Amino acid sequence: MAGATIYDVAARAGVSIKTVSRVVNREANVSKAMRDKVEEAVVALGYRRSLSARTLAGSNSSIIAALVDAALTIEHWKSGRGNDYLSRLELGALMECRRADYHLMVELVDHGSSTLERDMLALLGSIRPAGVLLTPPNSDHPLVLDILDRAGVAYARISPEKDPGRGVSVRMNERQAAFDMTRHLIDLGHRRIAHVSGPANFAASSLRREGYEQALSEAGLACEPSLVVEGDFTFASGIACVGKLLEGERPTAIFAANDDMALGVLQGAAAAGLSVPQDLSVAGFDDTPSALFSTPPLTTIRQPVAEMAAEATRRLVVSTDRPGDEDETVITVPYELVLRGSTAVCR
């Protein structure tokens, strides 16, 4: 039935309009039998609740707001390379929102702005989100967390490092994944393994570096300061970092903390006349589409971004629909070591 209204749902279910409103707005004090009747009518009629009407009624909207880092997102857009992390995050969150009849809104947040608090309060006041999805580095930003706590807004944090008890945390084991990748390179016979780290304000950067250093240490290999350079998760920084690493005694393998930087390493190595993987093995982290189509295809860690976003969104929906039904607050999603042609036995 096209354009079904709340009156149509009430008539089909044989209940009052107020009962339908309570069910579709996920309010308490509705019996299971009554809820089932209304939900059956909603499905049969294809009814969708009015987002504007719900907001006007003074309750929280059915919006899940995803807050993403402004600087890195804008840089990716300006470079023309796109942002696969954001695309996968949106996909995972959107699929879960669709299932639960929620809506996703993505907002850029400049966590370094002097007007951060004012901007966030204005955003929260205008859309009254049912929950907020925090991506790095906002996941660990103390002011962002404090603002949400004071506003009483539920939030789920993707890949946080600090304060695991605040909100729901959904993560992969960044440290272990980096350890596994470095261990892979060691098993191939590499002993001079360099690392291109991410920026210090991202928790993942330190965790991936720790995994790299732990693998070297357990193999009895020294972690030479000259073999660790910091990038900023961009393609251009990968090119710049490989240039620094090739100035002295060159490494036989480079593990970059994300795929964009690893692809920059591939280009910088080719410009220096090196063949990958014959002269230099290169590995990344993320498993973006570009990793599969690079030359050679990139060995990397498949980061389950869509799965983490879907799980985080599901927890927000549960906390809104059925307060008190949440189970554990720290959820770990598995990753995968993906071996391709950019790594090989050290000559």
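These are my notes on a few places I looked up in this predicted model.

**Helix pair α2 and α3**
I began with how two helices meet. Two packed helices are described by the angle between their axes and the distance between the axes. For helix α2 (residues 17-24) and helix α3 (residues 32-45), I noted an angle of about 85 degrees, with the axes 10 Å apart. Angles of 65 to 115 degrees count as roughly perpendicular, so α2 and α3 are roughly perpendicular to each other. I then looked up who does the touching: α2 brings Thr19, Val20, Val23 and Val24, and α3 answers with Met34, Arg35, Val38, Glu39 and Val42.

I placed Ile74 in helix α5, which covers residues 70-79. Its relative accessible area is 34%, so I wrote Ile74 down as partly exposed.

**Glu218**
Is Glu218 buried or exposed? I found a relative accessibility of 54%, and exposed means over 50%, so Glu218 counts as exposed. Glu218 belongs to helix α10 (residues 203-218).

**Ala272**
Where does Ala272 sit? I found Ala272 in the loop between α12 (259-271) and β9 (281-283). With 46% relative accessibility, Ala272 goes into my notes as partly exposed.

Terms used:
Residues numbered from 1 in each chain as written. Predicted model: local features only at pLDDT ≥ 70, side-chain atom pairs only at ≥ 80, totals over all residues. Heavy atoms only, no water. Helix = DSSP H or I, 4+ residues; strand = E, 2+ residues; numbered from the N terminus. Buried < 20%, exposed > 50% of the residue type's maximum accessible area, 1.4 Å probe, protein only. Axes fitted to C-alpha atoms, helices over the stretch in contact; angles between N-to-C directions. Parallel < 35°, antiparallel > 145°, perpendicular 65-115°, else oblique. Contact = heavy atoms within 4.5 Å.
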